Amino acid sequence: MPPRLSLASQRLVVVTGKGGVGKTTVAAALAHAAASAGRRVLAVEVGRGRLGPLLGVERLGGDPTRIDRGLAAATIEPETVLGDFLLSVLRFRLLTRRLLESTSFQVLAAAAPGLPELLVLHRLLGWIEARRLGRPVHDLVIVDAPASGHSLPLLTAPGALRALARLGPVSDLLGRLERLLADPEQTLVCPVTTPEELAVRETIELYTEIASHALPVAPPIVNALPPRRFAIDDAAMLARLESACGAHPYLVAARLQIERRSQAETQLRALKRALGVTPVRLPFVFAEPETPDALAELSAELANATGFAA
Amino acid sequence: MSASPLADALEAKRVILCVGSGGVGKTTTAAALAVEAARRGRRTAVLTVDPAPRLKDALGLGTLDGKPRRVPLGGVGARGAHLDAFLLDVKRTFDELVLALASTQDQARRVLENRLYQNLSSTLAGTAEYMAVERVYRLAEEGGYDLLVVDTPPARHAVDFLDAPRRLANLLDSRAFAILKDPTSILPAAGSRVAHFLLASVLRGLERFTGIGLVREVSEFMGVIESLTAALRTRVGAVGDLLRGPGTMPLLVTAPEPRLVYETEVLVKGLAGIGLTVGGIVVNRALPRALFGSTAGDPGLPDGASGALATRLRRAYTDLRLLAARQEATLAPLVAAAGAPVVAEVPLLPMDPGSLSDLALVARYLFPDPTGETSPASELGC
């Protein structure tokens with residue numbers, strides 16, 4: 001069976017999804033899977049979140065920190081990137097600081113459509129294009145994108161800005177970014193969801209959005225799928241036990257798991273029907289999900305799905 | 001009969017603000033609280049941000065026209081109870097204000113088409129969030145309701161949402177206006193040719209990126225807003241007073257998941273920064289501790305279970321013991337992060353609540369019968 005979420009030549013993977021679906025965990029597990037398969041991986045988060053602690057680093061910096069063989073991580077804080085940009089224009093630290101501290105300038109800069117996103121992409125592009133001794137420093141850059149609803153500001157910014165800036169160095173940069181993001185050989189967008197009604201609905205809307213921008217997209221990763229613990233023919237026996245024993249903890253546990261699984265399957269079907277692809281599934285982790293063991297379990301699942309395990 | 005703090009709040013408060021991270025059941029909790037308040041005889045309105053489709057239908061909010069819906073509660077044993085549901089559409093409200101306040105149609109159109117306005121009104125300045133909060137205020141003052149239950153956007157945006165009045169006031173601050181009129185005034189050598197030159201080059205850079213005449217569009221936008229300043233400023237003060245006043249209870253809705261500890265810390269700090277203190281915590285998705293907690297004994301297999309089914313039952317039970325242990329370990333830091341007591345626990349339900357009777361069930365967990373007789377989790381057999 002060919003891998004569902006094929007990662008071959010890609011240089012940039014953008015893990016996206018709504019808040020609380022386990023996006024960061026998936027990004028971390030994917031980074032481990034790729035690094036174990038011999039890729040030199042840079043895992044990146046935008047803003048300050050839990051990617052660092054998940055990968056075993058208290059606090060990520062703006063420059064890549066080496067974590068393990070083949071694995072490095074960094075954070076991009078849009079404010080800092082703006083500072084860098086300003087510094088490169090103004091060349092005076094004091095002036096840059098004054099400007100950054102001014103409310104009005106913040107209003108101006110943050111209101112400029114797509115500018116923060118563009119600055120983030122610019123930093124990513126720098127890492128993707130970095131070379132040492134004739135080969136890329138990072139084979140694969142995995143981004144834990146900011147939580148999205150049904151829109152993708154980070155990925156659609158260049159296209160939106162393109163219409164505005166037609167000439168000059170900015171236009172060249174936009175062109176490079178657009179080509180990178182649209183090229184299935186180089187980029188893959190990985191939406192993550194949980195098998196829950198609201199999350200699935202937003203994921204379906206997200207695919208519509210992705211399609212309208214012609215971005216290369218993977219099948220959805222359905223995270224935290226409750227396991228199937230019982231067979232269909234257990235039902236009759238369970239019902240008998242329930243009528244004899246009432247709310248025995250074992251039976252409560254069984255009923256809860258059966259119901260949660262059945263709800264999840266309904267949502268999986270809805271997702272599959274709407275998108276016409278089979279999702280990648282990651283199991284619900286009952287024990288602490290942010291431990292090395294749990295991460296290793298998810299990482300192994302993703303290694304199978306991506307073909308890294310082969 | 002000693003009522004719970006949550007029951008007291010339902011009785012005495014005018015506004016209950018449900019805050020918390022995404023995906024923890026905030027909207028459901030808000031709706032269940034509102035159903036219960038209405039059932040207890042208070043004229044209630046629930047204002048929700050983004051309900052799941054089934055819940056939206058249950059509340060009669062299937063159409064997005066911004067009009068309130070009377071929720072029929074006869075089916076859940078509360079005939080005559082008054083509950084209205086509103087959808088808080090953050091973007092729309094500000095557009096409506098511009099339309100109402102602009103002196104001519106043309107002026108309104110210019111602002112609504114202003115790209116800067118489009119960005120500002122949905123993101124940075126928080127003006128749109130302000131309008132949603134302002135709607136809460138109007139309903140509290142003039143809606144004729146005893147209680148408003150307000151659902152807010154997910155954690156990170158909740159502070160923006162609630163802080164919108166202050167931020168708008170800041171934006172209207174005269175110094176900011178001065179700067180927008182002469183941006184070089186922020187530079188050390190204000191007024192000098194060097195300052196003008198430097199600023200002009202930065203702005204040119206920004207304008208090249210964005211292709212819009214930032215300065216012109218800002219002035220245009222500010223011009224319109226400025227004409228509304230005095231009225232807005234008064235209103236902003238009153239809205240702040242309502243949110244921070246004794247009649248409002250910020251209620252943290254959360255779940256015992258590790259990721260939420262950090263998010264809760266950030267949220268509570270943000271809320272404190274705008275003068276709001278969480279009054280209580282509702283914990284959703286908690287496994288019943290009486291059945292699976294660390295102090296509950298393993299009752300062993302139920303009589304009559306054998307073979308493969310016995311193995312599966314044991315596995316299913318062990319799973320939940322593990323989950324319960326993880327939840328217990330998370331709860332203490334979560335409560336510490338929130339700095340408020342747990343006022344109710346709603347267990348992990350087989351399916352996400354989506355109907356009015358589901359909401360009534362959630363309400364039974366939020367307000368357990370003090371006698372314990374009808375507490376949904378108290379039946380234990382074998």
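**Entry 1: chain A overall**

I began with the secondary structure of chain A, which comes to 12 helices and 10 strands. Helices (H or I, at least four residues) and strands (E, at least two) are DSSP runs, numbered from the N terminus. I noted that this is a predicted model, where local features need pLDDT of at least 70 and side-chain atom pairs count only at pLDDT 80 or more, while totals for chains, interfaces and linings use all residues. Residues are numbered from 1 along each chain as its sequence is written, and chains are lettered from A and ligands numbered from 1 in the order in which they are written.

Next I looked up burial: 47% of the 310 residues in chain A are buried. A residue is buried if 20 or more other C-beta atoms lie within 10 Å of its own, exposed if 12 or fewer, and partly exposed in between, with C-beta atoms placed from the backbone.

**Entry 2: the sheet of chain A**

I followed the open sheet of eight strands in chain A, and its order is E3-E4-E2-E7-E1-E8-E9-E10, with mixed pairing. Two strands pair if DSSP finds at least two bridges between them. Strand E3 (65–68) and strand E10 (280–283) of chain A each have a single partner strand, so one side of each is left without a neighbour in the sheet. From one strand to the next, the twist averages 25°.

**Entry 3: a look at E1(A)**

Which strands does E1(A) run parallel to? Five bridges join strand E1 (residues 12–16) of chain A to strand E8 (residues 187–193) in parallel, and four join E1(A) to strand E7 (residues 140–144), also in parallel. I found A:Leu12 bridged to A:Thr187 in E8(A) and to A:Val141 in E7(A). The partner of A:Val13 in E8(A) is A:Leu188.

Are the residues of E1(A) buried or exposed? Five of its five residues are buried. A:Leu12, A:Val14 and A:Thr16 point one way, and A:Val13 and A:Val15 point the other way.

I then checked what A:Val13 touches, leaving out residues up to four places away in sequence; A:Leu30, A:Ile142 and A:Cys190 are among them. Two residues are in contact if their C-beta atoms, placed from the backbone, lie within 7 Å.

**Entry 4: the core**

A:Val13 came up again in the largest nonpolar core, which has 172 residues; A:Val13, A:Val15 and B:Ile16 are among those that touch the most other members. A nonpolar core is a set of buried Ala, Val, Leu, Ile, Met, Phe, Trp, Tyr and Cys residues joined through C-beta atoms within 7 Å. The largest share of this core, 10 residues, comes from H15(B).

**Entry 5: over to chain B**

H15(B) lies across E6, E7 and E8 of chain B, running at about 160° to E7(B). Axes are lines fitted to C-alpha atoms, for helices over the stretch in contact, and angles run from 0 to 180 degrees between N-to-C directions.

I also compared helix H13 (residues 258–273) with helix H15 (residues 307–338) of chain B: their axes come within 8 Å and cross at roughly 5°. That makes H13(B) roughly parallel to H15(B). Angles under 35 degrees count as roughly parallel, over 145 as roughly antiparallel, 65 to 115 as roughly perpendicular and the rest as oblique. Among the residues that meet here are B:Val261 in H13(B) and B:Leu334 in H15(B).
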